[in-house]
Amino acid sequence: MSVQLIDTHTHLDFDDFDADRQNVLQHCKQLGVERMVVLGVYQRNLQRVWDLALSEPSVYAALGLHPAYLDEHRPEHLQELRGWLERLAGHPKLCAVGEIGLDYYIETLDRDRQQTVLDSQLQMAADFNLPALLHVRRSHADTIATLKRFKLKRAGIVHAFAGSREEAREYLKLGFKLGLGGAATWPQALRMHRVLKELPLEGVVLETDSPDMAPAMHPGQRNSPEHLPDICQALAEIMNVPPERLAQASTANACELFGWS
């Protein structure tokens, strides 16, 4: 595939990549994965994400506090995040607020507190006119209701989308893109395959969520931005479109969202 690809969601800063991060980045370049968005998940990796974005031409940063680490987040971490966004306002390497959201899959996480932390960060996305990169697990109804309250001008991405066609429609109406990655490539993801066939190309972007969510063609391996061309190929088959067309649409959608030429 000669089309340029963008990985809209990766955790390349995680120590899973410490041994060979440079090799991965080099290989991505050869494969046509020309840009990647690396996301903050807790206060202690914001600096690391930002340093990686500054040191690598192909890497862009999103900064946020992930719901799965709720027990670690402190009120001062939200203040600190706002400080980061203030300092970096308008910086070309800062592209979004994320990874933020609601996770109802992990039952031990306090839902009210998750909502408070999400609201606070969506307000930051609104204040600094940035897109929001959302983690949504078993929480589509509450997430959609929240987004309707905030009406973000630049919307964002619902990462690892695995909802219904009705939920897809709601997000698309709000201006959000749906992030598609490895989970949907598995043959047993039949419900998701039915939804994929109906998604408009102007509403989707590609992602890996590496090192997690390995695609079906790389089972049990560390996932990597290097797998994005294979993910694109597999999803295009399910969606009945040429892979080049899916790649072009995803790249155009990501560039439009993040304000890249």
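1. Basis. The model is predicted, so local features need pLDDT of at least 70 and side-chain atom pairs count only at pLDDT 80 or more, while totals for chains, interfaces and linings use all residues. Residues are numbered from 1 along each chain as its sequence is written, and side-chain values use heavy atoms, with hydrogens and water left out. Helices (H or I, at least four residues) and strands (E, at least two) are DSSP runs, numbered from the N terminus.

2. Salt bridges overall. A search of the whole structure gives nine salt bridges. The criterion is a side-chain nitrogen of Lys or Arg within 4 Å of a carboxyl oxygen of Asp or Glu. Side chains of opposite charge can pair when their charged atoms come close.

3. Asp 18 and Arg 48. The closest N and O atoms of this salt bridge are 2.7 Å apart. Asp 18 sits in the loop between strand E1 (5-10) and helix H1 (21-31), and Arg 48 in helix H2 (residues 46-55), so the bridge ties together parts that are 30 residues apart in sequence. Asp 18 has a relative accessible area of 42% and is partly exposed; Arg 48, at 36%, is also classed as partly exposed. Asp 18 and Arg 48 belong with Arg 21 to a network of salt bridges.

4. Lys 148 and Glu 170. Here the closest N and O atoms are 3.0 Å apart. Lys 148 is partly exposed at 40% relative accessibility, and Glu 170 is partly exposed at 23%.

5. Glu 198 and Arg 165. This salt bridge has its closest N and O atoms 3.0 Å apart. Glu 198 is in the loop between helix H7 (190-196) and strand E8 (204-206), and Arg 165 is in helix H6, so the pair ties together parts that are 33 residues apart in sequence. Glu 198 is partly exposed at 47%, as is Arg 165 at 32%.

6. Helices H4 and H5. Two packed helices are described by the angle between their axes and the distance between the axes. The axes of H4 (residues 111-127) and H5 come within 11 Å and cross at roughly 35°; axes are lines fitted to C-alpha atoms, for helices over the stretch in contact, and angles run from 0 to 180 degrees between N-to-C directions. The crossing is right-handed, meaning that the near helix is turned clockwise from the far one by less than a right angle. On the H4 side, Gln 115, Leu 118, Asp 119, Leu 122 and Gln 123 meet Thr 146, Leu 147, Arg 149 and Phe 150 of H5, where contact is heavy atoms within 4.5 Å. By class, four of these residues are nonpolar, three polar and two charged. Ala, Val, Leu, Ile, Met, Phe, Trp, Tyr, Cys and Pro count as nonpolar, Asp, Glu, Lys and Arg as charged, and the others, Gly among them, as polar.

7. Helix H8. H8 (residues 228-239) has twelve residues and spans 16 Å between its first and last C-alpha, close to the 16 Å expected; the expected span is 1.5 Å times one less than the number of residues. Nine of the twelve residues are buried, including Leu 228, Ile 231, Leu 235 and Met 239. Just after H8, Asn 240 has a positive phi of about 60°.

8. Helix H9. The 16 residues of H9 (residues 243-258) should span 22 Å, and the end C-alpha atoms are 22 Å apart, which agrees. Among the buried residues of H9 are Pro 243, Leu 246, Ser 250, Asn 253 and Phe 258.

9. Leu 88. Leu 88 lies in the loop between helix H3 (75-87) and strand E4 (94-103) and is buried, with a relative accessible area of 11%. Leaving aside neighbours within four places in sequence, Leu 88 contacts Trp 50, Leu 63 and Leu 94. Leu 88 and Leu 54 are 34 residues apart in sequence and 12 Å apart in space, C-alpha to C-alpha.

10. Gln 22. Gln 22 is in helix H1 and is partly exposed at 49% relative accessible area. Gln 22 and Val 41 are 19 residues apart in sequence and 22 Å apart in space, C-alpha to C-alpha.

Notes. Buried < 20%, exposed > 50% of the residue type's maximum accessible area, 1.4 Å probe, protein only.
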